[in-house]
Amino acid sequence: MNKKTGKAFLIYTVIAAIAASAVRFFQYVSIMDYRTGFFASGTEAMGMLVYIIFAVGIAGLLGLVILGYKKKWTATTVSSDGMDSRATIFLGISFLLAAVLKVYQLFSENGGTIFRTIAMAAAVLFFAAVGLMLMKSTVPPAVTGFLCIFPTLILFSQAIELFMGDLVIKNRSDNLILLLVYVSGTLMFASMARFYARLESKLSRAREIFVTGTAFILSATHVIAKLLALAFGGQAVSGMSAVSPDAVSVMLISGVYLGVISFTKQSKEIEYLIEKKEEKNKEE
């Protein structure tokens, strides 16, 4: 079948993330007041620019997803058990890297509640288990989909903790973007659960691509902009908070997912739940 694969999804999200990262880097080195967490007085309008880019970029992504869905690009129709045999290798690597990041976070954070420590240790086991299962299989095991519920709960709890810990979060730019990363990451893993478990509905793949692309744009902006600021910002970024390992994990997993479904060859289309139910009724 001669049709587009959906490479535009990955290309678009990368371009949107680069544009937002460039603006965010400028904000870090020029208009951020790290003593208060607010933008410097008189620069609030410039501070809103990154959020405008987020809005435009995410709206554009939605339009692209709708187009791809209508045109039936491969990324919107390929089943998780109908991808190239190498797809699971890349997907597995992204989860294993997330496990390594969680190990680093577990041993680098000082203090914290016992619950948080236990949750991070469990996250290490989850990411490692899913990564290894994907690495040794040519077809994603359905159980990996159900396991994706765990990081959904973890990121959701972290989003609540961050929000409740800062009553003026809407005015604290760094925390606001990180909160958006947690929320979009929560939606991403919830959507991926359907992908890996092969419990797709008519619009589920479109939602998966949209929320995963959104998560990539937000997390990549957080990570890339901070890395650039740390490398080139000098004293101007003294006091800036560190890169969030969770944001790096979301960026890696979302980016690899988009890359895999955008470039993979298709040997099998999605079997929607309603179709499976109808086939089962006919057999009975």
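The legends below describe close-up views of a predicted model.

**View 1. The largest pocket and the residues at its centre.** The largest pocket has a volume of about 610 Å³. It is lined by 29 residues, and those closest to its centre are Asn-175, Leu-178, Ser-241, Ala-242 and Ser-244. By residue type, the lining of the largest pocket divides into twelve nonpolar, ten polar and seven charged residues.

**View 2. The helices around the largest pocket.** Five helices each supply at least two residues of the lining of the largest pocket: H5 (87-108), H8 (149-164), H9 (173-197), H10 (204-232) and H11 (245-263). Which helix gives the most to this lining? H9 does, with five residues.

**View 3. The largest cavity.** A search of the whole structure finds one cavity of 30 Å³ or more. The volume of the largest cavity is about 80 Å³. Its lining consists of Lys-102, Ala-123, Phe-127, Phe-150, Pro-151, Ile-154, Leu-155, Gln-158, Phe-189, Asp-246, Ser-249 and Val-250. Helix H6 (114-135), H8 and H11 are the elements that give two or more residues to this lining. H8 has the largest share of the lining, five residues. Eight of the lining residues of the largest cavity are nonpolar, two are polar and two are charged. As background, rolling a probe the size of a water molecule over the atoms shows where empty space is left.

View 4. Gln-105 lies in helix H5. Is Gln-105 buried or exposed? Gln-105 has a relative accessible area of 3%, under the 20% limit, and therefore counts as buried. Its side chain takes part in two contacts shown here. As for the spacing along a helix, an α-helix has 3.6 residues a turn, so residues three or four places apart point the same way. Leaving aside neighbours within four places in sequence, Gln-105 is in contact with Arg-116, Met-120, Pro-245 and Asp-246.

View 5. H10 has 29 residues and reaches 41 Å from its first C-alpha to its last, close to the 42 Å expected at 1.5 Å a residue. In H10, 21 of the 29 residues are buried, so this helix is largely enclosed by the rest of the structure. Gly-234 follows H10 and has a positive phi, near 60 degrees. H11 has 19 residues and spans 27 Å from first C-alpha to last, close to the 27 Å expected at 1.5 Å a residue. H11 is likewise largely enclosed by the rest of the structure, because 16 of its 19 residues are buried.

**View 6. Arg-194 and its surroundings.** Arg-194 lies in helix H9. With a relative accessible area of 31%, Arg-194 is between the limits of 20% and 50% and so counts as partly exposed. A polar atom of its side chain lies 2.5 Å from the backbone oxygen of Leu-199. Not counting residues up to four places away in sequence, Arg-194 touches Leu-199, Glu-200, Ser-201, Ser-204, Arg-207, Glu-208 and Leu-273. Arg-194 and Thr-88 are 106 residues apart in sequence, and their C-alpha atoms are 16 Å apart in space.

**View 7. Two loop residues with positive phi.** Most residues other than glycine have a negative phi. Lys-72 has a positive phi, near 60 degrees. Where is Lys-72 found? Lys-72 lies in the loop between helix H3 (49-71) and helix H4 (74-77). At 53% relative accessibility, Lys-72 is over the 50% limit and therefore counts as exposed. Phi of Arg-198 is also positive, near 60 degrees. Arg-198 is in the loop between H9 and H10. Its relative accessible area is 18%, under the 20% limit, so Arg-198 counts as buried.

Key. Residues are numbered from 1 along each chain as its sequence is written. This is a predicted model: local features need pLDDT of at least 70, side-chain atom pairs count only at pLDDT 80 or more; totals for chains, interfaces and linings use all residues. Side-chain values use heavy atoms; hydrogens and water are left out. On a 1 Å grid over the protein atoms alone, a cavity is a set of points where a 1.4 Å probe fits but cannot get out, and a pocket is an open set with protein on both sides within 12 Å along at least five of seven lines; lining residues have an atom within 4 Å of a point. Grid points are joined across faces, edges and corners, and a volume is the space filled by probe spheres set on the points. Helices (H or I, at least four residues) and strands (E, at least two) are DSSP runs, numbered from the N terminus. Ala, Val, Leu, Ile, Met, Phe, Trp, Tyr, Cys and Pro count as nonpolar, Asp, Glu, Lys and Arg as charged, and the others, Gly among them, as polar. The expected span of a helix is 1.5 Å times one less than its number of residues. Buried means under 20% relative accessible area, exposed over 50%, partly exposed in between (1.4 Å probe, protein chains only). Contact means heavy atoms within 4.5 Å. A polar contact is a pair of N or O atoms within 3.5 Å; within protein, one must be able to donate a hydrogen and the other to accept it, and residues adjacent in sequence count only if both atoms are side-chain atoms.
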